[in-house]
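Hi,

Here is the structure I promised to pass on. Please open it alongside this note; my findings follow below.

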Amino acid sequence: MKLNAQIGEDTHQIEIVETDGKVTAAIDGHSYEVEALEPEPNVFLLKSKGRVFEAFVSPQRDPALPLQVRVGTHEFEIGISDPKDLRSAAGVGEQADGVVEIKTAMPGKVVRILKAVGDTVEKGEGVIVVEAMKMQNEMKSPKDGVIKELKAAEGDSVKGGQILVTIE
């Protein structure tokens, strides 16, 4: 899966590949083999070449805003976008009247479906839970609406960028 990360004025290209339980992250062409754990919500341990880095990601209330990330004593605002997605993160709110799709950020496994087709959801409400890199990620509705379609079931393996839920 390919992503762009905006940190200040700089944009970095990121590619994440998971094979045989190992994760390789390529950042601006430099490759890193990483093991990632989430020992508690929003706290991540990243292991690479015998070194361990602890990262805290502030809970995100609005997907259009950058992530607030602290690694050691360093703090960052990081905007993540899919270069193939024509809508920017800010564009999600602009499409509140239309159909929106919830997509996976990286390959993983659907572990829980929180809503059914026809259910009403509010913006920010959990819809589906996907496990990737040993972390469970609750994917939330970007708008108020009704679940139109579920394109995955519990236990399904999913690819990065795959559409899981459609909301009207």
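Predicted model: local features only at pLDDT ≥ 70, side-chain atom pairs only at ≥ 80, totals over all residues.

Four strands make an open antiparallel sheet, ordered 13-12-10-15.

Strand 12 (residues 126–132) runs antiparallel to strand 13, and six bridges join the two.

Next, Thr 104. This residue sits in the loop between strand 9 (100–103) and strand 10 (108–113). Is Thr 104 buried or exposed? Its relative accessibility is 5%, so Thr 104 counts as buried, the cut-off being under 20%. Leaving aside residues up to four places away in sequence, Thr 104 touches Val 130, Met 139, Val 158, Lys 159, Gly 160, Gly 161, Gln 162 and Leu 164. A polar atom of the Thr 104 side chain lies 2.5 Å from the backbone oxygen of Lys 159. Glu 131 is 27 residues from Thr 104 in sequence, with 10.0 Å between the C-alpha atoms.

Two backbone points remain. Most residues other than glycine have a negative phi. Asp 28 is not a glycine, yet has a positive phi of about 50°. Lys 49, also a residue other than glycine, has a positive phi near 50°.

Both are in loops. Asp 28 lies between strand 3 (22–27) and strand 4 (30–40). Lys 49 lies between strand 5 (43–48) and strand 6 (51–57). Asp 28 counts as partly exposed, because its relative accessibility is 39%. Lys 49 is exposed, with a relative accessible area of 79%.

Best wishes

Note on methods: Residues numbered from 1 in each chain as written. Heavy atoms only, no water. Buried < 20%, exposed > 50% of the residue type's maximum accessible area, 1.4 Å probe, protein only. Contact = heavy atoms within 4.5 Å. Polar contact = N/O pair within 3.5 Å; in protein donor to acceptor, adjacent residues only side chain to side chain. Pairing = 2+ DSSP bridges.
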